[in-house]
Amino acid sequence: MTNLPIYDKDGAKVGDYAIDLDALASKVSKQLLHDAVVMYQANQRQGSAKTKTRSEVSGSRKKMYRQKGTGNARAGHKRSGIRRGGGHIFAKTPRDFSYRLPRKALKIATSMAMVEKIKNDRVKLIDKIEIATPKTKEIAAIIEKLQFEKTVLLVVADYDRAVYLSARNIENARILPVGEINAYEILRPKQLLVTKQAMDKFVESRANN
């Protein structure tokens, strides 16, 4: 069992959280994590790049001059890919880069990513994050008091409008409900700030594999 300290919004330790990392993931496969991250990144690609082929550019298809006797190198029409203004020889066409790994593999990768973060002391637990009305300075104060210096992902149990609106404008900070996190979102930031309730939900969901 591993004990993670639980902090309050003022940065004071208020308890410990016992978590069995072996139950989450008995080992961490860097290959699976790599495959999962590449998949999520590929699914974000627009695939809208487009260049024109020789059949799509404007220009005459007539041979520019006769084949022999001019002293010039032989040439076809103006749309040739080797001429200025011609079409691209290996033209880009819109394509779909997205694909999916097996659902179970992605779930295991998410667990591995969380275990990796915990082992590297990149996860801090907070007892709760409650805000009555949206105030960015309150979330910023929590991040400062818990000494987050670089990118941070706030993981909450459920979507809370006031908390979300308070955190979305903070530079280098993202906020997601625990049901929407994956291996890519966990590995992307330097550190994680997770509420106790969110961690309970995460551990419970992993136990139901």
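**Salt bridges and core**

Analyst: K50 is partly exposed, at 42% relative accessibility. Partly exposed sits between buried (under 20% relative accessible area) and exposed (over 50%), with a 1.4 Å probe and protein chains only. This is a predicted model: local features need pLDDT of at least 70, side-chain atom pairs count only at pLDDT 80 or more, and totals for chains, interfaces and linings use all residues. Residues are numbered from 1 along each chain as its sequence is written, and side-chain values use heavy atoms, leaving out hydrogens and water.

User: Which residue forms a salt bridge with K50?

Analyst: E56 does, with the closest N and O atoms 2.9 Å apart. A salt bridge here is a side-chain nitrogen of Lys or Arg within 4 Å of a carboxyl oxygen of Asp or Glu. E56 is partly exposed too, at 39%.

User: How many salt bridges are there in the whole structure?

Analyst: Seven. One of them joins K201 and D158, at 2.8 Å from N to O. R174, E185 and R188 are linked in a network.

User: New topic. Which residues touch the most others in the largest nonpolar core?

Analyst: That core has 37 residues, and those touching the most other members include I19, M114 and V123. A nonpolar core is a set of buried Ala, Val, Leu, Ile, Met, Phe, Trp, Tyr and Cys residues joined through side-chain atoms within 4.5 Å.

User: What about a second core?

Analyst: A separate one has 17 residues, among them I126 and L154.

User: Is I82 buried or exposed?

Analyst: I82 is exposed, with a relative accessible area of 73%.
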